[in-house]
Amino acid sequence: MLTSEIRPPAVAGMFYEREPVRLKKAIENYLNQAHPPKIEGEIIGLVSPHAGYFYSAKTAAYGYKLIKGKKYNSVVVISPSHYEYFRGISIYNGIAYQTPLGTISIDSELRDELKDYNNIIEFSKRGHGREHALEVQLPFLQMVLEDFKLLPIVMGDQSKEFVYSLAELLAEVLKNKNVLLVASSDLSHYFSHDVANSLDSRIEHLINKFDDETLIDELEEEKVQACGGGPIVTVMKTSKLLGANKSKVLYRNDSSEASGDKHQVVGYLSAVFYKE
């Protein structure tokens with residue numbers, strides 16, 4: 001059921017600054033410190049991490065700096081569900097998401113185009129309430145894009161069946177539209193820096209090869225780890241179906257770069273999918 005509700009920020013003051021001026025300044029600093037390679041072509045999709053800004057905003061800034069000043073009518077952000085499992089995919093059923101930097105309207109016309117696919121997609125609050133992985137992307141988007149609408153998607157089930165079904169649906173409804181896709185994901189969790197580097201470099205390799213099929217297989221076989229592996233592969237596949245023919249990892253690190261603790265780390269990566 002659709003509602004007129006606005007989702008308030010759930011993790012402002014915990015994952016990122018609550019006060020708008022301080023939040024803007026922090027994001028500007030992260031963007032100023034990021035030096036991504038020049039990308040010649042049309043950017044269709046990004047992969048961005050979702051830890052607290054202290055840990056992962058440096059990495060996220062590499063992707064968001066690439067789209068600074070570009071024009072997209074809508075942004076589709078695809079997130080894992082950290083707090084509740086449900087079989088399927090949930091698109092927020094309210095009218096907007098709110099952050100300390102303002103309110104972002106839901107692209108209701110785009111959402112309506114997906115209403116006939118209720119075998120895998122539901123319009124609801126499931127997965128959206130406490131979820132940080134989607135929310136932390138939004139202040140960056142508000143800082144680098146002037147005006148856009150949002151389609152917020154949370155995947156309750158990241159199995160191959162749902163990943164490829166969602167990618168095919170999105171490619172169909174986004175065809176000929178000016179839309180950016182963002183996959184929200186961290187990489188391996190709580191291994192030592194050396195083990196994490198070994199696991200995460202495999203994901204980096206597969207993203208650079210634009211090999212979504214091997215990546216989803218290795219995620220399901222637990223050869224590699226990414227809490228948002230489903231969103232990553234969905235955005236890879238959708239971008240490919242929309243014409244992207246290149247992919248590039250822009251920056252990869254782990255939490256030890258911020259904390260100094262190499263005993264237990266979380267891996268992060270920023271990547272872009274584009275049409276040359």
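## Nonpolar cores

The largest nonpolar core of this structure holds 44 residues, and V76, I121, I153, I207 and L215 have the most contacts inside it. Helix α6 supplies the largest share of this core, with eight residues. The model is a predicted one.

L215 is one of the residues with the most contacts inside the largest core. Leaving aside residues up to four places away in sequence, L215 touches I203, L206, I207, V224, I232, V233 and M236. I207, in this list of partners, is likewise named among the residues with the most contacts in the core.

## Strand β4 and I91

I91 is part of strand β4. The relative accessibility of I91 is 0%, so this residue counts as buried, the cut-off being under 20%. The C-alpha atoms of I91 and F123 are 4.9 Å apart, although 32 residues separate the two along the chain.

With residues up to four places away in sequence not counted, I91 touches R111, L114, I121, E122, F123, S124, H128, L151, P152 and I153.

## Packing of α6 against α9

Helix α6 covers residues 160–174 and helix α9 covers residues 229–241; their axes come within 8 Å and cross at roughly 35 degrees. The crossing of α6 and α9 is right-handed. On the α6 side, the contact is made by V163, Y164, L166, A167, E168, L170 and A171. On the α9 side, the contributors are G230, V233, T234, K237, T238 and L241.

By residue class, the contact of α6 with α9 divides into eight nonpolar, three polar and two charged residues. V233 of α9, which takes part in this contact, is also touched by L215.

## Salt bridges

In the whole structure, 17 salt bridges are found. One of them joins K58 and E257, with the closest N and O atoms 2.5 Å apart. This pair links distant parts of the chain: K58 sits in helix α2 (residues 53–66) and E257 in helix α10 (residues 256–259), 199 residues apart. K58 has 31% relative accessibility and so counts as partly exposed. E257, at 42% relative accessibility, is also classed as partly exposed.

R87 and E161 form another salt bridge, the closest N and O atoms being 3.3 Å apart. R87 lies in the loop between β3 (74–80) and β4 (89–91), E161 lies in helix α6, and the two are 74 residues apart. At 53% relative accessibility R87 counts as exposed, because the cut-off for that class is over 50%. E161, at 45% relative accessibility, counts as partly exposed. R87 and E161 are also linked with D157 in a network of salt bridges.

R202 and E218 form a salt bridge in which the closest N and O atoms are 2.7 Å apart. R202 belongs to helix α7 (residues 193–208) and E218 to helix α8 (residues 212–220), and 16 residues separate them.

The accessibility of the two partners is as follows. R202 is partly exposed, with a relative accessible area of 31%. E218 has a relative accessible area of 10% and is therefore buried.

Note on methods:
Residues numbered from 1 in each chain as written. Predicted model: local features only at pLDDT ≥ 70, side-chain atom pairs only at ≥ 80, totals over all residues. Heavy atoms only, no water. Axes fitted to C-alpha atoms, helices over the stretch in contact; angles between N-to-C directions. Helix = DSSP H or I, 4+ residues; strand = E, 2+ residues; numbered from the N terminus. Left-handed = near helix turned anticlockwise from the far one by under 90°. Contact = heavy atoms within 4.5 Å. Nonpolar A, V, L, I, M, F, W, Y, C, P; charged D, E, K, R; others polar. Core = buried A, V, L, I, M, F, W, Y, C linked by side-chain atoms within 4.5 Å. Buried < 20%, exposed > 50% of the residue type's maximum accessible area, 1.4 Å probe, protein only. Salt bridge = Lys/Arg side-chain N within 4 Å of Asp/Glu carboxyl O.
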